Amino acid sequence: MNELRQTGDRAVMTEVVLPGVVEPAGLQVRRRPVPAPGPGQVLLVMEASGVSFAEQQMRRGKYFDQPPFPFTPGYDVVGTVASVGPGGDAALLGRRFAVLTKTGGWASHLLVPAVDLVEVPAGVDPAEAETLVVNGITAMRMLHRVARVRAGRTVLVLGANGGVGSTLVQLARHAGARVIGTASLRHQAAVRELGADPIDYRTPDLTAAVRKIAPEGVDAVFDHIGGEGIVASFRLLAPGGTLVSYGTASTRDVAGSSKWPVLKLIGRLQLWNALPNGRSAHFFNIWAGKRRADAFRDRLRADLTEVLTLLADGAITSRVAARVPLSRAADAMTLAESGTVTGKVVLVPDAARDGSGDNGDNGDHSA
């Protein structure tokens, strides 16, 4: 990984920069002065920031609405408030919060709007909380606000060993639903431990394998893969069932437009919704409704607070695949893309470099 250094009299921070379409080793580590928060802002000292599928797409230039290069990735972050802007609430200082950022989270310090902070319950490990920010909000909303899954229903979760998938399994089981989860053979024990009936996603006839467990079909399918496989997902629905699509992982390594696979998928789902068969299909976008900022924040805070409370109470668990120092973001990205881990790879601070006190290297660097 390339490292760009800057010096000065002020305290310095570390950030990871995505300069363009590069391999993980092309990520750059940059040092610059720690910024001061402005009105309505806080300075957050990062304790954990995740490596999700969104960043994997961004480094390929494949995320639907990513910003122009160069930029600092990092979809979500957990950290402690170090300072507040002019007129800010001093009661926030020293408290731990989670924030959904979309970009900017891969930094030792970052400025965020105070209104976006969601408090992390006392005693919850920051890396464990981090794995449930974007994953938890996504799973909670798809399960309860889109598919409206209730006790006694049966659902199919594709990629049940992944970050969103494993959270979906747990939340669905907590709601009293039966869960069928696809995963590779190496991850099936972990999926079974979460409470799902595992199926090998490489099985020659996935439809037959699902029908063996749910002969009449399933009440909901959660599909992050997209592509032509989405047809099989829709056909697996029972009458009145709901397909929730939330990604196009099948096109991750396909060259070309980042928008076309998503637009094609949305068009197909809309066509299916017009069919008179009682089934429905939706594309989930976590940022939908953001133009109504206050209502969006209220829903986000409510959903994330509920997820983190379930974590604090032990009703669900968090799966941290690895904790990797921020300056080794290239290694973290490579590991996250390897398909060999269960859970989420999490970046943690380089305490000695950033002078972040206790916010240091908090765990293993490998799976």
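Tutor: Ser245 is placed in strand E13 (residues 237-245), where strands (E, at least two residues) and helices (H or I, at least four) are DSSP runs numbered from the N terminus. This is a predicted model, in which local features need pLDDT of at least 70 and side-chain atom pairs count only at pLDDT 80 or more, while totals for chains, interfaces and linings use all residues. Residues are numbered from 1 along each chain as its sequence is written, and side-chain values use heavy atoms, with hydrogens and water left out.

Student: Why is Ser245 called buried?

Tutor: Buried means under 20% relative accessible area, exposed over 50%, and partly exposed in between (1.4 Å probe, protein chains only). Ser245 has a relative accessible area of 0%, so the term buried applies.

Student: What makes Glu216 buried or exposed?

Tutor: Glu216 has a relative accessible area of 64%, and therefore counts as exposed. Glu216 lies in the loop between helix H6 (206-213) and E12. Apart from residues up to four places away in sequence, Glu216 touches Arg211, Ala238 and Pro239.

Student: Which class does Gly267 fall into, and why?

Tutor: Gly267, in helix H8 (residues 260-273), has 32% relative accessibility and so counts as partly exposed.

Student: How do you know that the span of helix H4 is close to the expected one?

Tutor: The expected span of a helix is 1.5 Å times one less than its number of residues. Helix H4 (residues 163-174) has 12 residues and reaches 17 Å from its first C-alpha to its last, close to the expected 16 Å.

Student: Why is H4 described as largely enclosed by the rest of the structure?

Tutor: Of the 12 residues of H4, 10 are buried, which is why the helix is described in that way. Among the buried residues are Gly163, Val164, Leu168 and Ala172. Their cover includes helix H3 (134-146), strand E9 (154-157), strand E10 (178-183), helix H5 (188-194), strand E12 (218-223) and helix H9 (293-312). Just after H4, Gly176 takes a positive phi of about 90°.

Student: What makes Asp116 and Arg297 a salt bridge?

Tutor: A salt bridge is a side-chain nitrogen of Lys or Arg within 4 Å of a carboxyl oxygen of Asp or Glu. The closest N and O atoms of Asp116 and Arg297 are 2.6 Å apart, and the pair meets that rule. Asp116 lies in the loop between strand E7 (109-113) and strand E8 (118-119) and Arg297 in helix H9, so the pair ties together parts that are 181 residues apart in sequence. By this rule the count comes to 18 salt bridges.

Student: How do you know that Asp303 and Arg145 qualify as well?

Tutor: Their side chains meet at 3.0 Å, N to O, and form a salt bridge. This pair links distant parts of the chain, with Asp303 in helix H9 and Arg145 in helix H3, 158 residues apart. At 4% relative accessibility Asp303 counts as buried, whereas Arg145, at 40%, is partly exposed.

Student: What makes Arg319 and Glu193 a salt bridge?

Tutor: The closest N and O atoms of Arg319 and Glu193 are 3.9 Å apart, and the pair forms a salt bridge. Arg319 lies in the loop between H9 and strand E15 (320-325) and Glu193 in helix H5, 126 residues apart. Glu193 counts as exposed, at 64% relative accessibility.

Student: How do you know that Glu55 has no salt bridge?

Tutor: Lys and Arg count as positive and Asp and Glu as negative, while His and the chain ends are not counted. The nearest side chain of opposite charge to Glu55 is Lys344, at 6.4 Å, and Glu55 is buried yet has no salt bridge. Glu55 is in helix H1, and its contacts include Trp106 and Met333.

Note on methods: Contact = heavy atoms within 4.5 Å.
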